[in-house]
Amino acid sequence: MSSIVEISISADEFALGRALQAAPEVQIELERVVPVGMSRFPFFWARGGDICRFEAAARAEPAINALTRIDTLTDNTLFHAQWNDESTNLVHGVEEANATIVEANGTVNDWTFHLRFPAQEGMSSFQTFCQHEGVPIEVERVYSMQERAVHDSAGVTPAQRETLITAYEGGYFERPRGITREELADELGISPQAVGGRLRRGYANLIAGLLRPMDG
């Protein structure tokens, strides 16, 4: 049975994460569904902060052969990257396990990947690969395609749903707030910047999926 595994990894283990050191306020989100193999995840969005400084740092990464700006929408810039064989062991592990990256986003501190495995054996081989290669991943949760389909019907990813619910239950939306963004980050095990990104994208997806009038 196909399963999805949410993992987190230090930004230093990923080329785009290292590039964010030059522009810490920038946040990255890979286009989904993200292909691996020869094309690997060619498209990603960058938002906030100094995009030019990030772009220059990303171009200097050995794993990236070429980087092209495709489009800019308000504060979101779409890039196309051409990768080479020096890309991170994490990517090689995904390829070896025949997995698919269905969602990924990151900040200067950490990255979150949602990986779909066609069978349990692939998930096990991926974890074994990471242990052997010294890739320090943290498995956050495992969930089914059915769970994701339910969440996607409202346009909210599992990570966004978890963050929104935790924030709501902690009193984040009350005045005064019952929990700060930093406390939410500690509880969720991610950075405050990642919390802000999940909340912002969650708001947008909820509005688009549930509140926006149907066409016609």
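P176 sits in the loop between α6 (158–169) and α7 (181–188), where helices (H or I, at least four residues) and strands (E, at least two) are DSSP runs numbered from the N terminus. The peptide bond leading from R175 into P176 is cis, with omega near -5 degrees. This is a predicted model: local features need pLDDT of at least 70, side-chain atom pairs count only at pLDDT 80 or more, and totals for chains, interfaces and linings use all residues. Residues are numbered from 1 along each chain as its sequence is written, and side-chain values use heavy atoms, with hydrogens and water left out.

**Backbone geometry**

- Most residues other than glycine have a negative phi, and most peptide bonds are trans.
- N98 has a positive phi, near 60 degrees, although it is not a glycine.
- This asparagine, N98, belongs to the loop between α3 (89–96) and β6 (100–106).
- N98 is exposed, at 57% relative accessible area; here buried means under 20%, exposed over 50%, and partly exposed in between (1.4 Å probe, protein chains only).

**Salt bridges**

- Side chains of opposite charge can pair when their charged atoms come close.
- Seven salt bridges turn up in a search of the whole structure, each defined as a side-chain nitrogen of Lys or Arg within 4 Å of a carboxyl oxygen of Asp or Glu.
- One of them joins E61 and R18 through their side chains (2.9 Å, N to O). Because E61 lies in the loop between α2 and β4 (64–73) and R18 in helix α1 (residues 15–19), this pair ties together parts that are 43 residues apart in sequence.
- E61 counts as buried at 12% relative accessibility, while R18 is partly exposed at 33%.
- Another salt bridge brings together the side chains of E29 and R201 (3.4 Å, N to O). It links distant parts of the chain, with E29 in strand β2 (residues 27–30) and R201 in helix α8, 172 residues apart.
- Both partners of that pair, E29 and R201, are buried.
- E6, E162 and R198 are connected in a network of salt bridges.

**Around E55 in helix α2**

- E55 is placed in helix α2 (residues 51–59) and is buried, with 11% relative accessibility.
- Its salt-bridge partner is R59, at 2.6 Å from N to O. The two residues are separated by about one helical turn, because R59 and E55 are four residues apart in helix α2.
- R59 is partly exposed, at 44% relative accessibility.
- The E55 and R59 side chains also make a polar contact at 2.6 Å (a pair of N or O atoms within 3.5 Å; within protein, one must be able to donate a hydrogen and the other to accept it, and residues adjacent in sequence count only if both atoms are side-chain atoms).
- Leaving aside residues up to four places away in sequence, E55 touches L67, R69 and F79, with contact meaning heavy atoms within 4.5 Å.

**Cysteines**

- A search of the whole structure finds zero disulfides, taking a disulfide as a pair of cysteine sulfur atoms within 2.5 Å.
- C52 is exposed, with a relative accessible area of 53%, whereas C130 is buried at 2%.

- Y203 is found in helix α8 (residues 192–211) and is partly exposed, at 35% relative accessibility.
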